[in-house]
Amino acid sequence: MKEFTLRALVIGLIMCVVLGAANAYLGLKAGMTIAATYPAAVIGMALLRILKGSILEENFSRTVGSIGESVAAGAIFTLPAFFIAGIWPEFATTQHYLESAAIMTAGGVLGIMFVVLLRRVMVEDVELPFPESVAASEIHKAGRSGGTGAKFLFGAMGAGALIQALGQFKFFATAWEKWVGFSKSVIGLRATGEVGAQSGILLSSPGVSPAYIGVGYIIGPKLASLNFSGGLIAWGLFVPILTYFIGPTLIPEGAPAEEGTWVAMAANVWRYIVRPIAIGGMLVSAGFTLFRMRNSLLTGIKRSIGDVKKAATGGHVTVRTENDLSFKWVMVGIGAAALATFFIYNYFAGDVAAALVATVVMIIAGFFFAAVSGYLVGIIGSSNNPISGLTLSTLLVAALLMVALGMKGQAGVAAVLGVAAVVCVAAAVAGEMLQDLKVGHILGGTPWKMQVGNLVGIALAAAVMFLPLIVLHEGDVAAGKMATPQYEGGFGSRALPAPQASLMALLSQGIVGGQMAWPLIIVGMLMGFGFILMQVKSPMLVCVGMYLPLETTFAIFLGGLFKGMVEKISAQREHNAAQKARVENNGVLLAAGLIAGEALIGLLFAAFAFWEVKLFAIFEEPSFITSLVIFGIIAWILIQIPVKNAGRPDEPAPPSAVF
């Protein structure tokens, strides 16, 4: 049966770039990525069915297509940190492109090679259920005898792209906000005097974004509510209370306090005071996430050591479905990646000893976290893999070692971020690769062909994934200059917050560069402990919600509400398990399509801004009433279509709880 064919490779590579770019857009704007496995499976199946391709070609195509998302995740969590930390005064240069491509290639190759060492033991382990791998394999099997669901995915992509384009052309207002002022007052503090206070609260609508609403739909009402609660804490508590007391001191006596002044002050308070507090909360939340997974993590580390010994003594294998890349080439790959990484670190740090230590840390941490990432994917799937938490652990270790070696300033910060970037890409790629290898194990794929396909995919992703980052960053910088009023665009801005990269930059600067705003970070850490004591299900999601603009978290919350309404309707109609699974699958495909559609067309408009192309406006002052109609259309897509396509009760069940 055909497997590694040119057409499957080309389709996979196109999906690798497109889905990777879409995830880069989403991750930088909303701080989250979506699993590319299912969209890649559906698109690959749809195209290869037209070409009469085999199921192994579909498996190969999906494997290559989904690896771009993991490279993108590693890139967006770390590369913008070089700019935010001031290591790269300008982001879009040829030198930085080459550095980024080298980091992504080294990390990606290491991730693949580490997984080759671990594949046989992990994919055959009965204790690892690999829920998303099983689901993906069931999609392929179901696709051989019926529909693929591609019509939902592609239809929603068109809708998401159209809505994003209409928003860019000002057919409707993309958000609404209103400042409501509080009257001036004086608060007596008895013996310590009195303090003048005046402020207000900024009311905001959800952003009209199919992508954010799609994200909320996928994560569901409970997690979307947690994320929105962070926005409410930031904009309903911290910003009003801080501006209430510091506002009167910033406005000269007798000067008129106009609404624009208050709005700008509130935005700066959120950006320079509340966000560092949120980062402190994220730090504790990441530690708590790893602590909660401590048993799985320790088991994964112990197994990884034993698995390497088994893999090294495995001998020659003649069965096609058990053939990996040869052990010799794996060692060559690891050695070459390590050597390349050493030169990268030496280039950043300008110190051979520090570069050598950083390389050793990167290899050890990279292997352990690749193994742990693969183990966690085997238990909970790649969608829930805590890559940023694992990377944060590496960053802390690397930063403390750099301090111990006497490295200071920008060189030390650059070396720490370099270690974190390679490990982040390696861990993300390893988790995704192992998940795909498990799908191949179920369907009868050939491991070495999938591994070679992913190496090609990584080479392409490393070569091109820096470009969407440039377009988004430079496009936002240019958009900020053209906006009225103007704003400072780029990574870390309101439109492109990049929360994980900001966290990496702040920590590396704080530990190595000694530039951390410790009082705010400590307050945030105490807040994070408070969330843990309150048994908040995901303190990280709350803190990320504080870091993101309110219209973003509000839109995510709206998506969660739509998902909750679908579940309620499904329960009222007494759908059986098969119908619920169909509603779930179709709904998530529609949400994924909305995300991909907005992300791809959003990249196009970012490119227009990058080239300073002035867009025409359908309305100079677009109405928010039209925006309400857009919300209604998105609600119809995400609620009515899945419920209407629940199917008959006696129809066979689709893949169980696929997404």
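This is a predicted model: local features need pLDDT of at least 70, side-chain atom pairs count only at pLDDT 80 or more; totals for chains, interfaces and linings use all residues.
Residues are numbered from 1 along each chain as its sequence is written, and side-chain values use heavy atoms, with hydrogens and water left out.

Starting with the helices, two packed helices are described by the angle between their axes and the distance between the axes. Helix 17 (residues 518-533) packs on helix 18 (residues 539-547) at an angle of about 135°, and their axes are 10 Å apart. Helices here are DSSP runs of H or I with at least four residues, strands are E runs of at least two, and both are numbered from the N terminus. Axes are lines fitted to C-alpha atoms, for helices over the stretch in contact, and angles run from 0 to 180 degrees between N-to-C directions. The pair is therefore oblique, the label left over once angles under 35 degrees (roughly parallel), over 145 (roughly antiparallel) and 65 to 115 (roughly perpendicular) are taken out. On the helix 17 side, M527, F531 and I532 make the contact (heavy atoms within 4.5 Å), and they meet P539, V542, C543 and M546 of helix 18.

Strand 2 (residues 185-188) and strand 3 (residues 194-197) run antiparallel and are joined by 4 bridges; pairing takes at least two bridges found by DSSP. G188 sits opposite E194 in strand 3. There are 5 residues between the strands, and R190 in this hairpin takes a positive phi near 55°.

Most residues other than glycine have a negative phi. A498, not a glycine, has a positive phi of about 45° and lies in the loop between helix 15 (466-482) and helix 16 (499-513). E574 has a positive phi near 55°, in the loop between helix 19 (550-572) and helix 20 (577-610). A498 counts as buried at 1% relative accessibility, whereas E574, at 69%, counts as exposed. The cut-offs are under 20% relative accessible area for buried and over 50% for exposed, with partly exposed in between (1.4 Å probe, protein chains only).

Finally, G236 is in helix 7 (residues 210-250) and counts as partly exposed at 44% relative accessibility. Leaving aside neighbours within four places in sequence, G236 is in contact with I201 and G231. G200 is 36 residues from G236 in sequence, and 10.0 Å separates the two, C-alpha to C-alpha.
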